[in-house]
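Me: I would like to go through this structure with you. Please take a look at it first.

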Amino acid sequence: IPEPEPSVTPTPEPTLSVDRPININTADSETLQLLPGIGEVIARRIIDYREKHGPFQSIEEIMNVSGIGEATLAGLIDYITVSDGTETEEEP
């Protein structure tokens, strides 16, 4: 009777592992492409949008970029920020 082969766990797809959220106002194309659902084309659109309109004022504003809708935003929300972490965002 042959020995059963040891079970091999497939290697999971690489996932984004960041210590802190990526700032969509300062990230370059390569960094933006680390985000789930963001490829080279969308990364370029994000950069073009902020060059034309200035920094994003809120995370939700990224939905103004062509190709990013609510579903993409839902996947990004835990990974992105518009703050560099040096300022506190308090309600007036």
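Me: Where do Arg44 and Asp48 lie?
Reply: Both residues are in helix 2 (residues 40-53), four residues apart, about one turn of the helix. Helices (H or I, at least four residues) and strands (E, at least two) are DSSP runs, numbered from the N terminus. As to the source, this is a predicted model, in which local features need pLDDT of at least 70 and side-chain atom pairs count only at pLDDT 80 or more, while totals for chains, interfaces and linings use all residues. Residues are numbered from 1 along each chain as its sequence is written, and side-chain values use heavy atoms, with hydrogens and water left out.

Me: What does Arg44 form with Asp48?
Reply: Arg44 forms a salt bridge with Asp48, and the closest N and O atoms are 2.9 Å apart. The term denotes a side-chain nitrogen of Lys or Arg within 4 Å of a carboxyl oxygen of Asp or Glu. In general, side chains of opposite charge can pair when their charged atoms come close.

Me: How many salt bridges are there by this rule?
Reply: The count comes to two. Arg44 also forms a salt bridge with Glu51, with the closest N and O atoms 3.9 Å apart. Shared partners join Arg44, Asp48 and Glu51 into one network.

Me: Is Glu51 buried or exposed?
Reply: Glu51 is exposed, with a relative accessible area of 58%. Arg44, at 41%, is partly exposed, and so is Asp48, at 37%. Buried means under 20% relative accessible area, exposed over 50%, and partly exposed in between (1.4 Å probe, protein chains only).

Me: Changing topic, which residues does Ile46 touch?
Reply: Not counting residues up to four places away in sequence, Ile46 touches Ile24, Leu32, Ile38, Phe56, Ile62, Val65 and Ile68. Contact here means heavy atoms within 4.5 Å. Ile46 lies in helix 2 and is buried, with a relative accessible area of 0%.

Me: How far apart are Ile46 and Gly67 in space?
Reply: They are 9.8 Å apart, C-alpha to C-alpha, and 21 residues apart in sequence.

Me: And where does Asn25 lie?
Reply: Asn25 is in the loop between strand 1 (22-23) and helix 1 (29-32). Asn25 is buried, with a relative accessible area of 16%.

Me: What does the side chain of Asn25 reach?
Reply: The Asn25 side chain reaches the backbone nitrogen of Phe56 at 2.5 Å. Leaving aside neighbours within four places in sequence, Asn25 is in contact with Arg50, Pro55, Phe56 and Val82.

Note on methods: A polar contact is a pair of N or O atoms within 3.5 Å; within protein, one must be able to donate a hydrogen and the other to accept it, and residues adjacent in sequence count only if both atoms are side-chain atoms.
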